[in-house]
Amino acid sequence: MFDILADRTYRHLFLAQVVALLGTGLATVALGLLAYDLVGDGAAMVLGTVFAIKMVAYVGIAPVAGAFADRVNRRRLLVTLDLVRGAAALCLPFVTEIWQVYVLIFLLQSASAAFTPTFQATIPDVLPEEARYTRALSLSRLAYDLENIVSPTLAGLLLAVMSYNTLFLGTVAGFAASALLVVSVLLPSPKASEPRGIYDRTTRGIRIYLATPRLRGLLGLNLAVSGAGAMVLVNSVVLVRGELGLGESALAMAMFAFGAGSMVAALVLPRVLDRVADRPVMLAGAWTMVASLAALAALVATEGLSWLPLLAAWLVVGIGYSTVQTPSGRLLRRSAHPEDRPALFAAQFALSHACWLLSYPLSGWLQTSFGTVPALLVLALLAVAGIVAALRMWPAGDPVEVAHSHDHLPADHPHLAGGHRHSHAFVIDDLHRVWPAR
């Protein structure tokens, strides 16, 4: 897996991702402490609002940014967005009112909503071979999981010798380092797409996404991931601190179990995906999450919640989570022309976060109002609904090349060199607006 780091361009991009993630992790810790300083016991409400602002920015800004990502120099765009994020983080230590926090977070997360899909769409252009790209996806997943472990640890060490406001300077340094790493390499910029109207450009990624069967299936799996993932990310603190009465280190251990499962899957997946198609692998990962939640619900209902089964359940959910998440970039890569990839990655970014926008509050409400077993079962059922949707919308036979006809094109059109009915790698574009019926 790590041999792809020999590619200088990818190595610099990967390091840019790592340092930006570390900076973001430090900001997460510092924001909680800043909110407590400003409003005391109202910090939970502030952080909930910050999270909602983040989701709204992701869902609303990403498609708009993706629509115009192919019109500007990609390296210049990524560097500018890193600098915007760094500037917003630099202002956070100086805020005195909550509304200032909200404005700065919206600015920072809007820049992230434009940065992340554009960055993700760049990697398949840097590593065009599918096997190497698959390994890049696994490394990216590892980076996210390691950040969940390293950032809180680093924040704890820094807080032992300095104030939390200094953590924001670490965030600024992370974004600045990311910008320097990006500017140090030449990035491929696909040719710009045809001139289009504002509506056409801003909705193009989502229209391609929803017109492609494998991506409609991916949307269902996004729902499954958000359902199971929200149970872990939202309710772990209640289960560990409230129901089990354990300390903060136990909460860290529970989250480590989830991250460890995800890392194990990310390390194994490249070899698995060399031999097995994406669809059965991703569906197996989704069913694994459902089975883990259902088994934990049965155990809690009969014997009560206990520590080791919770760790085991979160470990297994982490394995399933990464098994679904990691290959998704491969589906996006093969479902669009290079010039449409930024818009398509932006659509995935927005639609997947829309699923989280549903599952996060649902998870908290179920746990608070009805308890652990109903929360586990309802979120497992939400994941099952996503899997069933994926099974229905993503056919088992999903060839890259699809036979189709162009009865609407004139006989002398250049695309018809092979005849009105022909076969090639099929993606939704101006000549192929509808997926062929089977």
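Colleague: To start with, in which helix is the place of leucine 315?
Modeller: Leucine 315 sits in helix α11, and please keep in mind throughout that this is a predicted model.
Colleague: And which residues make the nonpolar surface patch of about 430 Å²?
Modeller: Leu315 is one of them, together with Val264, Leu267, Val268, Val316 and Ile319, and the elements that contribute two or more residues to the patch are α9 (248-275) and α11 (307-325).
Colleague: Switching topic, at what angle do α8 and α13 pack?
Modeller: Helix α8 (residues 213-243) packs against helix α13 (residues 341-370) at about 35 degrees, the axes being 8 Å apart, and their crossing is right-handed. Sorted by class, the residues in that contact are 17 nonpolar, eleven polar and one charged.
Colleague: Which residue forms a salt bridge with arginine 341?
Modeller: That is aspartate 125, with 2.8 Å between the closest N and O atoms. The pair ties together distant parts of the chain, since aspartate 125 belongs to helix α4 (residues 98-126) and arginine 341 to helix α13, 216 residues apart.
Colleague: How many salt bridges does the count come to?
Modeller: The count comes to eight salt bridges.
Colleague: Last one: how many residues has α10, and what follows just after?
Modeller: Helix α10 (residues 278-303) has 26 residues and spans 37 Å from its first C-alpha to its last, close to the 38 Å expected. Just after α10 comes glycine 304, which takes a positive phi of about 90 degrees.

Key: Residues numbered from 1 in each chain as written. Predicted model: local features only at pLDDT ≥ 70, side-chain atom pairs only at ≥ 80, totals over all residues. Heavy atoms only, no water. Axes fitted to C-alpha atoms, helices over the stretch in contact; angles between N-to-C directions. Helix = DSSP H or I, 4+ residues; strand = E, 2+ residues; numbered from the N terminus. Left-handed = near helix turned anticlockwise from the far one by under 90°. Nonpolar A, V, L, I, M, F, W, Y, C, P; charged D, E, K, R; others polar. Expected span 1.5 Å × (residues − 1). Patch = residues over 30% accessible without salt bridge, like charges linked within 9 Å, V, L, I, M, F, W, Y side chains within 5 Å. Areas by Shrake-Rupley, 256 points an atom, 1.4 Å probe, with all protein chains shown as cover. Salt bridge = Lys/Arg side-chain N within 4 Å of Asp/Glu carboxyl O.
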